[in-house]
Amino acid sequence: MHFLSKTQIIAAAGAVALVLLVLDLVRRRKLSEEYALLWVVSTAGMAVLGFATPVLRFVTRALGIVLETSTVFAAGLAFTTGVLIYLSVRLTRLGRENQTLARELALLRHDLEALRGAAAAPPGAAGGERA
């Protein structure tokens, strides 16, 4: 009979806690479903590696890594790096969109002030129009 090690029990409790946290954040609209799926899938992947010891040993040997813990650490590092790159790309895109929106807002405010100035000017007064 095969019993779970303390490490596997801790990993299981951590995975369950993380999934519950992610689902609660989605429920409270603090995390979008797009990111929730990413976290749930990654947590499930780490849980599978934590519980399926033969799978973890196979992956470790296939990658030429000495210890199984190093494989789990490398997978976590790769996941973190991927998430950071993805978030950097999203942040860059949002920064550009924000800059474009700020420019459009400034132009709209300028046009609005010009229209207010033209409406407030007495009839027959020159100026007030943009060339």
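The model on your screen is predicted.

**Stop 1: helix H1**

Select residues 6-27, which form helix H1. Check its length first. At 1.5 Å a residue, the 22 residues of H1 should span 32 Å. The C-alpha atoms at its ends are 31 Å apart, which agrees.

Now colour the buried residues of H1: Gln8, Ala15, Val22 and Val26. Look down the axis of H1. The buried residues fall within an arc of 55°, so they line one face of the helix. Turn to what they touch: the buried residues of H1 pack against H2 and H3.

Two more selections belong here. Click Ile9, which is found in helix H1. Ile9 has a relative accessible area of 47%. Exposed means over 50% and buried means under 20%, so Ile9 counts as partly exposed. Then step just past H1 to Arg29, which takes a positive phi of about 60°.

**Stop 2: helix H2**

Select residues 33-51 for helix H2. H2 has 19 residues. From its first C-alpha to its last it reaches 26 Å, close to the 27 Å expected at 1.5 Å a residue.

Which residues of H2 are buried? Colour Tyr35, Ala36, Ser42, Thr43, Ala47 and Leu49. Seen down the axis of H2, these buried residues fall within an arc of 160°, so they line one face of the helix. They pack against H1, H3 and H4.

Zoom in on Thr43 in helix H2. Is Thr43 buried or exposed? Its relative accessible area is 8%. That value is under the 20% cut-off, so Thr43 is buried. Show its contacts next. Not counting residues up to four places away in sequence, Thr43 touches Ala15, Leu18 and Val19. Ala15 is one of the buried residues of H1.

**Stop 3: Phe79 in helix H4**

Select residues 68-120 for helix H4. Then pick out Phe79, which is found in this helix. Phe79 is partly exposed, with a relative accessible area of 23%.

What does Phe79 contact? Leave aside its neighbours within four places in sequence. Phe79 is then in contact with Leu38, Trp39 and Ser42. Ser42 is among the buried residues of H2.

**Stop 4: the largest pocket**

Finish with the largest pocket, which holds about 530 Å³ of space. Of the 22 residues that line it, the closest to its centre are Ala11, Met46, Leu49, Gly50 and Val72. Select those five. Helices H1, H2, H3 (53-63) and H4 each give two or more residues to the lining.

Which helix gives the most to the lining? H2 does, with seven residues. By class, the lining has 11 nonpolar, 10 polar and one charged residues.

Ile9 and Gly50 are 41 residues apart in sequence and 9.2 Å apart in space. Phe79 and Gly50 are 29 residues apart in sequence and 16 Å apart in space.

How values were computed
Residues numbered from 1 in each chain as written. Predicted model: local features only at pLDDT ≥ 70, side-chain atom pairs only at ≥ 80, totals over all residues. Heavy atoms only, no water. 1 Å grid on protein atoms, 1.4 Å probe; cavity = no way out; pocket = protein on both sides within 12 Å on 5 of 7 lines; lining within 4 Å. Points joined across faces, edges and corners; volume = space filled by probe spheres on them. Helix = DSSP H or I, 4+ residues; strand = E, 2+ residues; numbered from the N terminus. Nonpolar A, V, L, I, M, F, W, Y, C, P; charged D, E, K, R; others polar. Expected span 1.5 Å × (residues − 1). Buried < 20%, exposed > 50% of the residue type's maximum accessible area, 1.4 Å probe, protein only. Arc of directions from axis to C-beta. Contact = heavy atoms within 4.5 Å.
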